Amino acid sequence: MNSQRREALKSAGAMGLFGALVAAGLITPEMAQAAWDKTAFDAKTMDEALKALGAGKPADSKDVQINAPDIAENGAVVPVGVKSTLPGTEFIAILIEKNPSMLAASFKLPEGTAADVSTRVKMGQTSNVFAVVKAGGSFYMSTKEIKVTLGGCGG
Amino acid sequence: MAAGPMRIRAASNGTETEVKILMSHDMETGQRKDAAGALIPAHHITEITATHNGRVVLAGQFGPAVSKNPYLQFKFKGGAKGDKVSVSWVDNKGDKRTDEVVVS
């Protein structure tokens with residue numbers, strides 16, 4: 001318990017005012033997470049997820065590229081990169097159609113950050129992977145099917 | 001489980017800095033069951049923020065579908081050798097961690 005408190009105080013210094021408020025108990029961890037978009041991450045269908053992201057019906061765009069293998073042997077670790085050449089790309093989301101919740105990750109890109117983000121995701125089964133991108137106030141998307149030989153969700 | 005330190009690498013090529021992050025986290029989905037058939041509660045990183053000299057260069061949100069020990073790679077303009085890149089995450093149980101690295 002004591003070491004946890006020490007940890008909290010230490011990170012309070014690193015995280016500035018916000019961390020200090022959490023450490024002081026003014027903001028509980030639950031409140032601090034209000035920024036996490038639960039609706040979007042809980043969405044079970046494409047339409048729900050897009051709606052929660054405020055994306056409506058994104059237009060297909062060749063300027064959004066998904067960099068991922070055609071076949072993933074291990075669904076627990078599927079490398080997925082999204083690159084957009086659209087000017088002013090400010091938001092990137094990775095969605096996996098057949099996962100229990102579609103949205104895997106989303107990124108806000110401040111000016112100066114390249115629209116080129118890579119991460120690794122879990123896939124339960126062979127599925128379409130969507131990259132949704134916001135650029136200049138509009139949403140665009142692109143799709144790639146990734147075949148999974150061994151699922152990464154469930155046990 | 002106490003999460004270990006992140007492994008962060010930030011390399012500048014003069015105009016851009018490429019950041020690679022390997023976080024240490026279980027990323028439990030909440031879908032798996034343990035040996036007794038009880039559901040293992042979800043435990044995953046929800047938010048991650050990267051800053052360069054105090055300026056936010058990437059703000060990400062993760063769902064449980066991000067792999068265990070998440071990997072993240074991105075690039076931002078600017079950044080010189082000796083600058084500091086700091087990465088923080090928060091998970092759904094309120095645990096958090098911040099690590100800092102010097103741009104090489």
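How many of the nine residues of strand β8 (residues 127-135) of chain A are buried?

Analyst: Happy to. Please keep in mind throughout that this is a predicted model. In strand β8 of chain A, which covers residues 127-135, seven of the nine residues are buried, so the strand is mostly covered.

Let's look at the partners of this strand. One is strand β5 of chain A, residues 89-96, which runs antiparallel to β8(A) and is joined to it by seven bridges. Within this pairing, I94(A) stands opposite A131(A) of β8(A). Another partner is strand β9 of chain A, residues 138-148, again antiparallel, with nine bridges to β8(A). Here V133(A) of the pairing faces Y140(A), a residue of β9(A). The hairpin formed by β8(A) and β9(A) leaves two residues between the strands, and G136(A) in this hairpin takes a positive phi near 55°.

Now for the chain around it. Chain A contains four helices and nine strands, and along the sequence they follow the pattern α-α-α-α-β-β-β-β-β-β-β-β-β. Of its 155 residues, 44% count as buried. If you take the contacts in chain A with a separation of 6 or more, 62% of them come from residues 24 or more positions apart.

From here we can turn to the neighbouring chain. The contact between the two chains takes 36 residues from chain A and 37 residues from chain B. Together chain A and chain B bury about 2900 Å², and 54% of that area is on carbon and sulfur atoms. Across this interface there are 19 residue pairs in polar contact, both residues of each pair being at pLDDT 80 or more. The elements of chain A that give two or more residues to the side touching chain B are α1 (2-23), α2 (29-32), β6 (103-108) and β7 (116-121). The largest share, six residues, comes from β7(A). Sorted by class, the side of chain A that touches chain B has 20 nonpolar, ten polar and six charged residues.

A last stop is T113(A), which sits in the loop between β6 and β7 of chain A. T113(A) counts as buried because its relative accessible area is 8%, and the cut-off for that class is under 20%. A polar atom of the T113(A) side chain lies 2.5 Å from the backbone oxygen of V57(B). Leaving out residues up to four places away in sequence, T113(A) touches V57(B), L58(B), F74(B), K75(B) and F76(B).

Notes
Residues are numbered from 1 along each chain as its sequence is written. Chains are lettered from A and ligands numbered from 1 in the order in which they are written. This is a predicted model: local features need pLDDT of at least 70, side-chain atom pairs count only at pLDDT 80 or more; totals for chains, interfaces and linings use all residues. Side-chain values use heavy atoms; hydrogens and water are left out. Contact means heavy atoms within 4.5 Å. Buried area is the accessible area (1.4 Å probe) that two parts lose on being put together, summed over both. A polar contact is a pair of N or O atoms within 3.5 Å; within protein, one must be able to donate a hydrogen and the other to accept it, and residues adjacent in sequence count only if both atoms are side-chain atoms. Ala, Val, Leu, Ile, Met, Phe, Trp, Tyr, Cys and Pro count as nonpolar, Asp, Glu, Lys and Arg as charged, and the others, Gly among them, as polar. Buried means under 20% relative accessible area, exposed over 50%, partly exposed in between (1.4 Å probe, protein chains only). Two strands pair if DSSP finds at least two bridges between them.
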